[in-house]
Amino acid sequence: MIATALAVAFVVYSCKGGEDAPGLPENTPMQVVDNMFVVQTENGVLKMRMEADRMERYSTDTTSYELFPKGFATFMYQEDGKLETTIFSDEAIHIKNTESREEIWKAYGNVRVRNEMKNETMETDTLYWDRDKEKIYTDCYVKLYSKDGMVQGYGMISDQRASNSIIKKPFDGYGVVIQDTTEVVLDTANFIGPLKK
């Protein structure tokens, strides 16, 4: 009987002062989503797909942001449904300013952008994506691989589909790969059917 009275007293005492109790710590997410899968369509046509192992949403008075601590992948499609561009990174963050309504995406850590149509791949450490202006850009070291060779330098700007990438400060030296004109390139991203072994 004494143990029951002490337990009730403890519950009443611990609930008493709820107004003075501290709120959630600042680094606690408002929302957590595991195995996130988002699809964006326009008039029933697939435009973009985003995937992440984990998304954490945080919010302050002026800013809200989503953090992707376990990696992030984006797939962009053409009007005919063919995969055109992929973006992969070790981590990413999406920041929205609630007052100015501006938003920016930042991918960082082994960022890899590939344009499947042009067979080009870009690698960098940090990449910014402005969805309003439909641009991707960076001021970091960049390597751009294409069928003609590899170019490297600092800084890059392109449309969001990476079809018109321009390296701002390219290095003086570059490499050119001469290919056999009889080579057959298989589009594995959009190919339907058995693959070569």
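The largest cavity in this predicted model has a volume of about 80 Å³. A cavity here is a set of points, on a 1 Å grid over the protein atoms alone, where a 1.4 Å probe fits but cannot get out. Its volume is the space filled by probe spheres set on the points, which are joined across faces, edges and corners.

Residues are numbered from 1 along each chain as its sequence is written. In this predicted model, local features need pLDDT of at least 70 and side-chain atom pairs count only at pLDDT 80 or more, while totals for chains, interfaces and linings use all residues; side-chain values use heavy atoms, without hydrogens and water.

Select Phe72, Thr74, Ile87, Ala92, Trp105, Lys106, Ala107, Leu127 and Trp129: these line the largest cavity, each having an atom within 4 Å of a point. Strand 4 (72-77), strand 7 (103-115) and strand 8 (120-130) each give two or more residues to this lining; strands are DSSP runs of E, at least two residues, numbered from the N terminus. Colour strand 7 next, as the element that gives the most, with three residues. By class, the lining holds seven nonpolar residues, one polar and one charged (nonpolar: Ala, Val, Leu, Ile, Met, Phe, Trp, Tyr, Cys and Pro; charged: Asp, Glu, Lys and Arg; polar: the others, Gly among them).

Now move to the second largest cavity, with about 40 Å³ of space. Select Val113, Arg114, Asn115, Glu120, Thr121, Met122, Leu144, Ala162 and Ser165 to show its lining. Strand 7 and strand 8 are the elements that give two or more residues here. This lining divides into four nonpolar, three polar and two charged residues.

The tour ends here: the whole structure has two cavities of 30 Å³ or more.

Definitions and conventions. On a 1 Å grid over the protein atoms alone, a cavity is a set of points where a 1.4 Å probe fits but cannot get out, and a pocket is an open set with protein on both sides within 12 Å along at least five of seven lines; lining residues have an atom within 4 Å of a point. Helices (H or I, at least four residues) and strands (E, at least two) are DSSP runs, numbered from the N terminus.
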